[in-house]
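Welcome! Here is a short tour for someone meeting this structure for the first time. Take a look at the sequence and the model, then read on.

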Amino acid sequence: MAETMSVSKKVMVPADAGKAFDVFVARMGSWWPKSHSILQNEVQDVVVELTPQGRWYEHDSQGNEADWGFVKSFERGDHLLLCWQLTADWARDEALDTEVYVTFESKGDMTEVTLTHRLLENYGERAAEMKAAFESPNAWADMMRGFADRFVALAA
């Protein structure tokens, strides 16, 4: 059996799971670091088209767009499963299938949001390199911290 590789990060936000889901998806461009872009200019917005096979992409202030992947499945207040198709060289490859799986679990008046980037073994010989990159402080940890830090303002 092939080894599976993943990176997981968790944060708590002060809302029910449905609200946490809504802010995560609909306001992604507001909490995503502007410097984390595959376009020449910094990211203006990050969009998740919340439909099966909906696009997951960024655009800049010049109107340029870059697809990152697509929506595999979702259930408001429960989970969001995205296909991440960015290579180790930060270019889209429609044949690459890694997954960003986000769960929303109510814990009293808070929600635990867990992001797991899985199927990293699909990077082949660069899998360990990409796992290390996604585990670095300025990767998913930074993204999730930004989401949690801006949550109250974005949820208003």
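## Helix H3 and its surroundings

Helix H3 (residues 127–135) has Ala127, Met130 and Phe134 as buried residues, where buried means under 20% relative accessible area, exposed over 50% and partly exposed in between (1.4 Å probe, protein chains only). Viewed down the axis of H3, these buried residues fall within an arc of 65 degrees, so they line one face of the helix; the arc is that of the directions from the helix axis to the C-beta atoms. Please keep in mind that this is a predicted model, in which local features need pLDDT of at least 70, side-chain atom pairs count only at pLDDT 80 or more, and totals for chains, interfaces and linings use all residues. Residues are numbered from 1 along each chain as its sequence is written, and side-chain values use heavy atoms, with hydrogens and water left out.

**What covers H3**

- The cover over the buried residues of H3 includes strand E1 (6–13), strand E5 (79–84), strand E7 (110–118) and helix H4 (140–155).
- Helices (H or I, at least four residues) and strands (E, at least two) are DSSP runs, numbered from the N terminus.

**Strands and a hairpin**

- E5 and E6 pair in the antiparallel sense over six bridges; two strands pair if DSSP finds at least two bridges between them.
- Leu82 has Val100 in E6 as its bridge partner.
- E6 and E7 also run antiparallel, joined by nine bridges.
- Lys107 stands opposite Met110 in E7.
- The hairpin of E6 and E7 has two residues between the strands, and Gly108 takes a positive phi near 70 degrees there.

- On a 1 Å grid over the protein atoms alone, a cavity is a set of points where a 1.4 Å probe fits but cannot get out, while a pocket is an open set with protein on both sides within 12 Å along at least five of seven lines; lining residues have an atom within 4 Å of a point.
- Searching the whole structure turns up one cavity of 30 Å³ or more.
- The largest cavity has a volume of about 30 Å³, a volume being the space filled by probe spheres set on the points, which are joined across faces, edges and corners.
- Leu82 and Val100, the bridge partners, are among the residues that line the largest cavity, including Trp31, Trp56 and Trp140.
- That lining divides into nine nonpolar, no polar and no charged residues; Ala, Val, Leu, Ile, Met, Phe, Trp, Tyr, Cys and Pro count as nonpolar, Asp, Glu, Lys and Arg as charged, and the others, Gly among them, as polar.
- The largest pocket has a volume of about 310 Å³.
- Of the 15 residues lining the largest pocket, the closest to its centre are His36, Trp84, Trp90, Phe134 and Met143.
- H3 and H4 are the elements that give two or more residues to the lining of the largest pocket.
- The lining of the largest pocket divides into eleven nonpolar, four polar and no charged residues.

**Loop residues to look at**

- Gln53 sits in the loop between strand E2 (43–48) and strand E3 (55–60), and has a positive phi of about 70 degrees although it is not a glycine.
- Gln53 is exposed, with a relative accessible area of 54%.
- Leu119, in the loop between E7 and H3, has a positive phi near 65 degrees and is partly exposed, with a relative accessible area of 25%.
- Thr87 lies in the loop between E5 and strand E6 (98–107) and is buried, with a relative accessible area of 19%.
- Thr87 touches Asp93, Leu96, Tyr123 and Met130, not counting residues up to four places away in sequence; contact means heavy atoms within 4.5 Å.
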